[in-house]
Amino acid sequence: MRPLTLSRLLAHCAILSAVLFVVVVIALKLGAVPVSLYGLGHDLLRVLFRQTSQLSSEYQLIIFDIRLPRILLGIFVGASLSVAGASFQALLRNPLADPYVLGVSSGAAVGAIIALVIEPHLALAPAVAALLTPIGAFLGAALTVTAVYFLGLRQGQIDSSTLLLAGIISASFLQAIIMFFMSTLSGGNYRGIAFWMMGELQTQPPHIVSLILRFGFFLSAAAIYTTASDLNLLLAGEKEAMHLGVDVRRVRLVVYIAASLLTGLAVSVSGAIGYVGLLVPHVMRLLFGSDHRILLPTAAFGGAIAVVVADTLARTVVSPSELPVGAMTAIAGAPLFLYLMRRRLA
Amino acid sequence: MSSFARSPSSAAARPIGDAGDFNSDIRLSVEQVSYAYSANPTQAPLFTLEATSFQARPGEIVAIVGPNACGKSTLLKLIAGSLEPLSGRVLLNGFVTHALPHRTRGQRIAMVQQESPLLFPSRAWEFVLQGRHPYGRTLRFETEEDIVIARNALAQVGAEHLSDRFMDQISGGEKQRVILARALAQQPLLLLLDEPTLHLDIGAQVDLLETLRRLASANRYTVVVVTHELNLAGQYADQVALFQKGKCLRVGPPAAVFRRELLEQVFQTPLTVELGSSGRPRVNMPSAK
């Protein structure tokens with residue numbers, strides 16, 4: 001017997017944060033404009049000691065105004081999607097669940113687009129208007145996950161293949177709606193199809209939205225984490241969990257809302273990046289086991305690492321042009337999805 | 001199952017709250033409990049359980065027997081408090097089981113259900129530690145005490161050697177023992193089992209019932225077990241409740257319930273009943289012609 005202890009949890013998180021740090025440094029270095037590792041280290045130290053005035057302006061622009069914010073965005077988007085994926089998998093008792101596969105990301109995208117469309121007509125203060133997109137995305141995500149859940153029921157029980165079908169069909173339905181919006185909304189400052197369908201981290205959201213993303217991530221992840229040991233029991237089924245003292249209804253409510261919020265926030269700033277929520281929790285389960293008390297935090301780090309790596313590849317492999325980051329995650333994620341599906345059918 | 005002898009009376013394995021209960025004789029009291037299930041409120045009920053009553057003391061085993069779809073499992077859920085009775089009530093030490101908060105219910109009532117597949121593989125010890133969940137605060141990590149209790153639980157069912165094995169890599173009988181160990185780790189007052197002998201060979205069945213018998217006396221559990229095995233019920237139960245089509249026909253000691261005419265009528269097949277030297281009934285099929 002080797003039950004989880006706090007020190008083991010912290011040790012694993014420390015390792016992963018070290019990996020994340022290395023990945024971030026490499027991501028800062030790589031890009032269309034080459035930067036030496038030495039110069040980078042020098043500049044990072046200068047920033048740490050608040051001597052920003054000594055940075056060369058060109059450096060400052062590339063490293064600290066373009067690459068670093070983009071990496072930070074990737075970190076929070078990746079962590080959000082991955083934690084959302086791990087929670088959906090436990091709650092729906094389906095190892096193939098993921099915000100993208102279930103159509104939740106597309107639902108969030110539709111919500112965000114609708115918010116963008118109605119925003120100019122509402123004459124809101126700019127700060128409030130900036131909130132409208134994340135709120136729309138959250139509502140879109142929450143509505144989709146509710147719809148998919150009920151469509152996935154068969155005789156009152158969640159049926160995993162019905163659920164997946166319901167999710168995949170909802171996703172393609174919602175993507176058609178996105179197409180419709182995109183073609184009727186030509187012009188204006190709406191983002192492109194690639195953004196909403198595949199996701200990209202190229203454009204920085206307004207400062208306030210970034211803050212909401214970070215705050216929302218910590219809030220939702222903390223809410224989900226309070227149910228971590230309940231989720232462990234839910235893996236064995238809702239009835240079993242109930243007999244072991246889990247308030248299944250409360251857990252379901254908390255996790256659905258928080259996971260929808262995570263998905264909505266991520267989609268409103270980066271579009272629908274797929275497969276992160278599928279791939280990362282599975283890798284973390286292989287590495288650290290399926291106890292959610294360790295899975296959720298390691299999945300957050302893993303998601304951050306995965307998206308930063310994918311985005312770095314997306315902007316370097318076809319440099320000076322760029323791929324959407326969602327293309328990179330799909331290249332890695334779709335085969336894994338198929339592998340897991342085949343193994344499950346076997 | 002020699003391992004059982006090692007720690008039957010260890011303090012950690014005793015159900016809590018037991019000390020004060022020795023005086024009050026009745027632990028479980030099922031009082032005129034009925035239930036009806038219908039697909040929607042306007043339709044006639046598809047299934048009803050007629051008012052049922054019985055009582056059980058600490059250390060007693062009650063077996064619920066009857067043909068398929070006679071309401072056995074429904075009654076078990078009503079006792080567990082996961083279903084609310086249409087009328088009547090189920091009292092555990094004087095508390096209505098359905099009204100207990102989730103956590104308290106998890107500390108007092110353990111349910112061994114027909115196994116459901118696990119989504120991700122877990123080891124036997126992880127599974128048994130789940131039985132400590134009702135005692136933990138939201139994020140608490142398992143304490144030394146939890147680990148001792150889980151170890152004891154595994155020892156009590158003779159499954160220490162399975163501790164590090166994965167749940168999907170052990171036999172049905174072994175799995176059933178680990179599931180029982182998880183229920184013991186809950187340190188319940190009331191142990192409910194829904195067809196625990198299903199899919200087990202005869203050796204594993206007898207083994208399980210022997211274990212239950214010993215645990216019931218050693219730990220003063222009240223045990224309610226739903227089963228199809230009339231002879232196991234006759235051999236090990238203190239009381240048997242015989243059900244047919246949602247109706248409790250008779251409750252009492254096995255010898256009083258297992259009467260030939262009654263069983264033949266309920267199961268619609270010729271049967272013979274003989275009393276063994278211990279006064280326990282044996283139900284047999286007459287040999288085919």
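Predicted model: local features only at pLDDT ≥ 70, side-chain atom pairs only at ≥ 80, totals over all residues.

Visitor: Which elements of chain B supply at least two residues each to the side that touches chain A?
Guide: Four elements do: α2 (102–108), β6 (109–112), α3 (124–129) and α4 (144–156) of chain B.

Visitor: And which gives the most?
Guide: α4(B), with 4 residues.

Visitor: What is that side of chain B made of, by class?
Guide: It has 16 nonpolar, 11 polar and 6 charged residues.

Visitor: How many salt bridges cross the interface?
Guide: The rule finds 2 between chain B and chain A. One of them joins A:Arg293 to B:Glu142. Their closest N and O atoms are 3.2 Å apart.

Visitor: OK, size. What area is buried between the two chains?
Guide: About 3000 Å². Carbon and sulfur atoms give 61% of that.

Visitor: Which residues of chain B lose the most area to chain A?
Guide: B:Leu119, B:Phe120 and B:Phe141. Together they account for 24% of what the chain B side buries.

Visitor: And how many residues are in contact?
Guide: On chain B, 33 residues are in contact with 33 residues of chain A.

Visitor: Switching topic. Which residues make the nonpolar surface patch of about 380 Å²?
Guide: A:Ile114, A:Ile118, A:Leu122, A:Leu124 and A:Val128 make that patch.

Visitor: Which helix gives the most to it?
Guide: Helix α4 of chain A, residues 104–122, with 3 residues.

Visitor: Where does A:Leu124 lie?
Guide: In a loop of chain A, between α4 and α5 (126–151).

Technical notes:
Residues numbered from 1 in each chain as written. Chains lettered and ligands numbered in written order. Heavy atoms only, no water. Contact = heavy atoms within 4.5 Å. Buried area = accessible area lost by both parts, 1.4 Å probe. Salt bridge = Lys/Arg side-chain N within 4 Å of Asp/Glu carboxyl O. Nonpolar A, V, L, I, M, F, W, Y, C, P; charged D, E, K, R; others polar. Patch = residues over 30% accessible without salt bridge, like charges linked within 9 Å, V, L, I, M, F, W, Y side chains within 5 Å. Areas by Shrake-Rupley, 256 points an atom, 1.4 Å probe, with all protein chains shown as cover.
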